[in-house]
Amino acid sequence: MLTSLARTRYLARPLAALAVTAAVTLTLPTAGASAAETGPAAVADAFRKGPVYVDPRASGELPKAEADQLAEKIKKADRPVFVAVLPETPEYPRATVLRDLRSLTGITGVYAVRLGAGFNAGADRQVMPKAAVDNLKAAVRRSYASDASAEVNAFADQALRQAKGHAPASWEASGGGGSATGILVGGLVAVGAAGGGYALYRRSRKKQEERERAELEALRVVVDEDITAFGEELDRLGFQPSEPGATDAMRDDYTRALDAYDRAKQHMAAATRPQEVQPVTETLAEGRFALAVLAARRTGAPLPQRRVPCFFDPRHGPSVSDVNWCPPGGVLRMVPACADDALRVSQGGRPLTRMVPTGQGAQPYWSAGPAYAPWAGGYFGGAGGVVGGLLAGTLLGSVLSAPSAFADGGDGFPGAVEMPEGGEFSGADFNASDFGGSFGDFGSDGGGDFGGGDW
């Protein structure tokens with residue numbers, strides 16, 4: 001996790017580079033399609049000013065009037081969707097152009113590229129799930145392959161409905177109409193980079209603080225439910241330290257559970273940032289295990305092994321076995337489950353899944369996005385590499401299984417929780433596999449190669 005000073009320097013680097021680029025472009029001609037005015041760097045520069053770029057050599061595919069209309073539509077929707085229409089030339093390598101544009105632009109979002117007669121798209125997973133991008137690009141390619149304008153507009157229309165996040169602040173700061181046709185407006189960028197860098201940082205920081213407050217309030221509802229459920233479990237157990245047959249070991253288990261209940265409430269009451277929710281759910285997991293041990297001692301059953309909580313709902317307590325399970329639209333994987341959910345899955349039924357509130361209504365926690373990473377990190381973070389397998393292919397899994405997810409962020413929580421949302425700067429720190437695929441030819445069979453360009 002970046003400190004405030006590190007974040008300032010992190011953001012300042014691209015701004016400084018942008019200022020240098022802008023200063024150079026002041027000396028370039030303002031017409032024509034010279035090498036300096038085209039290529040991935042020129043597209044990235046245009047994307048920082050607006051959502052649509054059309055290389056002058058491809059202007060016949062998407063005329064300026066249509067490009068401006070598309071750009072205005074994207075800006076009005078306030079979503080981080082980028083569209084480029086490019087000629088198929090060596091300066092736009094088919095194998096890497098999508099990833100290169102994302103790297104050089106440095107802004108989280110959805111990127112769509114019409115390259116010659118081919119089409120490809122990718123998105124940061126916190127903005128739009130990879131499966132959604134793949135399905136959408138395949139559909140528009142099959143339906144609109146012969147019409148570049150219809151293709152990119154169809155993709156944009158659907159992406160604007162599904163993408164999360166907001167339009168980059170630099171679009172507003174640029175004051176431009178949104179589309180670019182290979183001409184760099186260097187003077188405006190130079191002034192903005194030189195005089196507005198700190199203002200952009202403050203704007204980004206303010207948005208982050210507002211988002212953190214909203215995320216914390218949403219998490220507070222979920223965690224309070226968890227704490228209440230744990231208190232009810234304590235009551236249902238009905239253990240009395242002085243009851244006949246009570247042993248010192250039982251009393252120790254009960255004390256640990258009570259202490260966990262009290263600490264969880266204290267941690268949650270003191271939380272001021274989403275990251276501070278992690279110790280709460282860690283504590284609840286410890287308390288539930290203590291209760292499971294106490295229950296076994298009272299009945300004479302074998303003591304339970306220390307396992308991660310039930311994957312489907314950590315309120316169910318520690319898992320007792322692993323089951324083979326497939327999330328909707330996902331792939332089979334082994335996940336830890338409580339006894340009741342393991343039985344349901346083995347009989348072909350549905351497990352009782354933990355649903356949490358989101359802007360799109362109640363969702364399973366693994367589909368709720370990065371905001372719930374602190375909550376899940378407390379329950380499953382201690383499992384280290386196990387987490388990636390549990391949540392592989394889900395939105396939350398992309399956060400918790402990232403290489404930096406369990407690195408020390410300076411305040412005890414994985415730095416991945418600070419993943420920039422859609423429309424914010426992240427530089428080249430993104431999952432390259434989200435920008436794979438190819439510009440495969442769609443022949444008469446309507447098929448296409450979506451794997452040939454993966455890395």
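**Charged pairs, helices and cores**

User: Are Asp313 and Arg354 buried or exposed?

Analyst: Asp313 and Arg354 are assigned to one class, with buried meaning under 20% relative accessible area, exposed over 50% and partly exposed in between (1.4 Å probe, protein chains only). The model is predicted: local features need pLDDT of at least 70, side-chain atom pairs count only at pLDDT 80 or more, and totals for chains, interfaces and linings use all residues. Residues are numbered from 1 along each chain as its sequence is written, and side-chain values use heavy atoms, with hydrogens and water left out. Both Asp313 and Arg354 are buried.

User: At what N to O distance do the side chains of Asp313 and Arg354 meet?

Analyst: The two side chains form a salt bridge, that is, a side-chain nitrogen of Lys or Arg within 4 Å of a carboxyl oxygen of Asp or Glu. Asp313 lies in the loop between H10 and strand E6 (321–325), and Arg354 in the loop between H11 and strand E8 (355–356), so that the pair links distant parts of the chain, 41 residues apart. Their N to O distance is 3.9 Å.

User: Which residues do salt bridges that share partners join into one network?

Analyst: The pair of Asp313 and Arg354 belongs to this network. Salt bridges number 30 by the rule above. Those that share partners connect Glu225, Asp226, Asp313, Arg315 and Arg354.

User: Why does the pair of Arg273 and Glu212 tie together separate parts of the chain, and how many residues apart are they?

Analyst: Arg273 and Glu212 form a salt bridge whose closest N and O atoms are 3.8 Å apart. Arg273 is in the loop between helix H9 (248–270) and H10, whereas Glu212 is in helix H8 (residues 186–237); helices (H or I, at least four residues) and strands (E, at least two) are DSSP runs, numbered from the N terminus. Arg273 is partly exposed because its relative accessibility is 22%, while Glu212 is buried because its relative accessible area is 10%.

User: Why does Asp341 count as buried, and what is its relative accessible area?

Analyst: Asp341 sits in helix H11 (residues 339–346). Leaving aside neighbours within four places in sequence, Asp341 is in contact (heavy atoms within 4.5 Å) with Cys310, Phe312, His316, Pro351 and Leu352. Asp341 counts as buried because its relative accessible area is 0%.

User: The backbone nitrogen of which residue lies 3.0 Å from a polar atom of the side chain of Asp341?

Analyst: Pro351 and Leu352 are among the residues in contact with Asp341. The residue whose backbone nitrogen lies 3.0 Å from a polar atom of the Asp341 side chain is Leu352.

User: Why is Lys137 classed as buried, and at what relative accessibility?

Analyst: Lys137 lies in helix H5 (residues 130–144), where the buried residues also include Ala132, Val133 and Leu136. The buried residues of H5 pack against strand E3 (110–115), strand E4 (118–123) and helix H6 (148–162). Lys137 counts as buried because its relative accessibility is 2%.

User: How far apart are the end C-alpha atoms of helix H10 (residues 278–299)?

Analyst: Just after H10, Gly300 takes a positive phi of about 80°. H10 has 22 residues, so at 1.5 Å a residue it should span 32 Å. The end C-alpha atoms agree with this, being apart by 32 Å.

User: How many residues has the largest nonpolar core?

Analyst: A nonpolar core is a set of buried Ala, Val, Leu, Ile, Met, Phe, Trp, Tyr and Cys residues joined through side-chain atoms within 4.5 Å. In the largest, Val52, Leu86, Val110 and Phe155 have the most contacts inside the core. A second, separate core of 43 residues includes Ala264, Leu291, Tyr365 and Tyr379. The size of the largest core is 50 residues.

User: What share of the residues of the protein count as buried?

Analyst: The protein has 14 helices and 9 strands. Among contacts between residues at least 6 apart in sequence, 67% join residues at least 24 apart. Of the 455 residues, the buried share is 48%.

Methods:
Polar contact = N/O pair within 3.5 Å; in protein donor to acceptor, adjacent residues only side chain to side chain. Expected span 1.5 Å × (residues − 1).
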